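Me: I would like to go through the side-chain contacts in this structure. Could we begin with the terms?

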Amino acid sequence: MIRDDVIYLISESPSSRGIFDAKTRTEKRVFCTVRSVTSLDYYRARAAGMDPQLVFVLSDLIDYDGQKLIRHGDGNDAKLYDVIRTYAAGRTLEITVGPPKAYDMKE
């Protein structure tokens, strides 16, 4: 399957100066395919109090290391998503995300 889009998997780690300082973010670029959430998954998630928006499909699950944030887009069009669910199917990985947030590049 052709991966025709790019996302950035974001890892956060505490600052070396203390727990009250801003977290350090590291972004990892990976190729993916963007899909809609299926209606069955959407209604099941809504019943559990979640609001799924998109599914990003990675071609190799080795690219994912438990990151909880994803950036999609660049510049002013960038959106930040929280990971709701991951699902491994063979070597591929589906990542379901919640509603988009504005992405502040200074964070």
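Reply: Buried means under 20% relative accessible area, exposed means over 50%, and partly exposed lies in between (1.4 Å probe, protein chains only). By that scale Y42, at 29%, is partly exposed. This is a predicted model, in which local features need pLDDT of at least 70 and side-chain atom pairs count only at pLDDT 80 or more, while totals for chains, interfaces and linings use all residues. Residues are numbered from 1 along each chain as its sequence is written, and side-chain values use heavy atoms, with hydrogens and water left out.

Me: How many aromatic pairs does a search of the whole structure find?
Reply: The search finds two. Rings of Phe, Tyr and Trp (its six-membered ring) pair if their centres lie within 6.5 Å; planes under 30 degrees apart count as stacked, over 60 as edge-to-face and the rest as tilted. Y42 and Y43 make an edge-to-face pair, with 5.2 Å between centres and 85° between planes.

Me: Is Y43 buried or exposed?
Reply: Y43 is exposed, at 58% relative accessibility.

Me: What about the rings of F56 and Y81?
Reply: Their centres are 5.9 Å apart and their planes stand at 70°, so this pair is edge-to-face. F56 lies in strand β3 (residues 54-58) and Y81 in strand β5 (residues 79-89), so the pair ties together parts 25 residues apart in sequence. Strands (E, at least two residues), like helices (H or I, at least four), are DSSP runs numbered from the N terminus. F56 is buried at 0% relative accessible area, and Y81 is buried at 7%.

Me: Changing topic, how many salt bridges are there?
Reply: A search of the whole structure finds seven. A salt bridge is a side-chain nitrogen of Lys or Arg within 4 Å of a carboxyl oxygen of Asp or Glu. One of them joins R25 and E12, whose closest N and O atoms are 2.9 Å apart. R25 is in strand β2 (residues 24-36) and E12 in strand β1 (residues 5-13), 13 residues apart.

Me: Which residue forms a salt bridge with E27?
Reply: The partner of E27 is R71, with the closest N and O atoms 2.8 Å apart. E27 lies in strand β2 and R71 in strand β4 (residues 69-72), so the pair ties together parts 44 residues apart in sequence. E27 is partly exposed at 31%, whereas R71 is buried at 7%.

Me: Which residues does the network of shared partners join?
Reply: Salt bridges that share partners join E27, R71 and D74 into one network.
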